[in-house]
Amino acid sequence: MKLPEEKHIGKKEGGIILSLTNLKYHGDNVFLQFEIENKSGVRFDFDYLKIFKVNGNHKRNASYHELPLEPVYVHNKPFEILPNTKVRTVYVVPKFAFAKNEKIAAQLQELGTTRKVILSWR
């Protein structure tokens, strides 16, 4: 949590900003540090943050696959994010490698609403 930021990949939807601030390989695990910022003025009730390995193009359903990466451990999982605040959380997932045309996606969903943010990177 205290490491300096090495990556900063972010996506903003409806005043909610989801950013990947660090990605570290250690042993058989990958540590993904996310920052969630609420600039919407309305409390964000955290439902889930899912991480997927994505292969293909979502515009062509026949070639599109999402394989979930189940977390081994989650540190500092938020329950709610108040307006004008930031929360950092770390997800530990099993080690993975990228194949050609693969990327990783993280989907942040709010509890009981349709508000969500999808962040993808290679």
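Reader: Are Phe34 and Tyr91 buried or exposed?
Author: This is a predicted model. Buried means under 20% relative accessible area. Phe34 falls in that class, and Tyr91 does too, so the word for each is buried.

Reader: How are the rings of Phe34 and Tyr91 arranged?
Author: A pair of aromatic rings is described by the distance of the centres and the angle of the planes. For Phe34 and Tyr91 the centres are 6.1 Å apart and the planes stand at 85°. Planes over 60 degrees apart count as edge-to-face. The pair is therefore edge-to-face.

Reader: How many residues apart in sequence are the parts that Phe34 and Tyr91 tie together?
Author: Phe34 belongs to strand S3 (residues 29–38), and Tyr91 belongs to strand S8 (residues 85–94). Because the two residues sit in these two strands, the pair ties together parts of the chain separated in sequence by 57 residues.

Reader: Which aromatic cluster does Phe34 belong to?
Author: Phe34 also pairs with Trp121, with ring centres 6.4 Å apart and planes at 65°, so this pair is edge-to-face. Trp121 lies in strand S10 (residues 116–121), 87 residues from Phe34. Trp121 is buried, as is Phe34. The cluster consists of Phe34, Tyr91 and Trp121.

Reader: What is the relative accessibility of Thr21?
Author: Thr21 is part of strand S2 (residues 16–26). Leaving aside neighbours within four places in sequence, its contacts include Phe34, Glu35 and Arg88. Thr21 counts as buried because its relative accessibility is 0%.

Reader: Where does the charged end of Lys50 sit?
Author: A charge of this kind has to be within 6 Å of the ring centre. The charged end of Lys50 is 4.5 Å from the centre of a ring, and it sits over the ring of Tyr48.

How values were computed. Residues are numbered from 1 along each chain as its sequence is written. This is a predicted model: local features need pLDDT of at least 70, side-chain atom pairs count only at pLDDT 80 or more; totals for chains, interfaces and linings use all residues. Side-chain values use heavy atoms; hydrogens and water are left out. Helices (H or I, at least four residues) and strands (E, at least two) are DSSP runs, numbered from the N terminus. Buried means under 20% relative accessible area, exposed over 50%, partly exposed in between (1.4 Å probe, protein chains only). Contact means heavy atoms within 4.5 Å. Rings of Phe, Tyr and Trp (its six-membered ring) pair if their centres lie within 6.5 Å; planes under 30 degrees apart count as stacked, over 60 as edge-to-face and the rest as tilted. A charge sits over a ring if NZ of Lys or CZ of Arg is within 6 Å of the ring centre and within 35 degrees of the ring normal.
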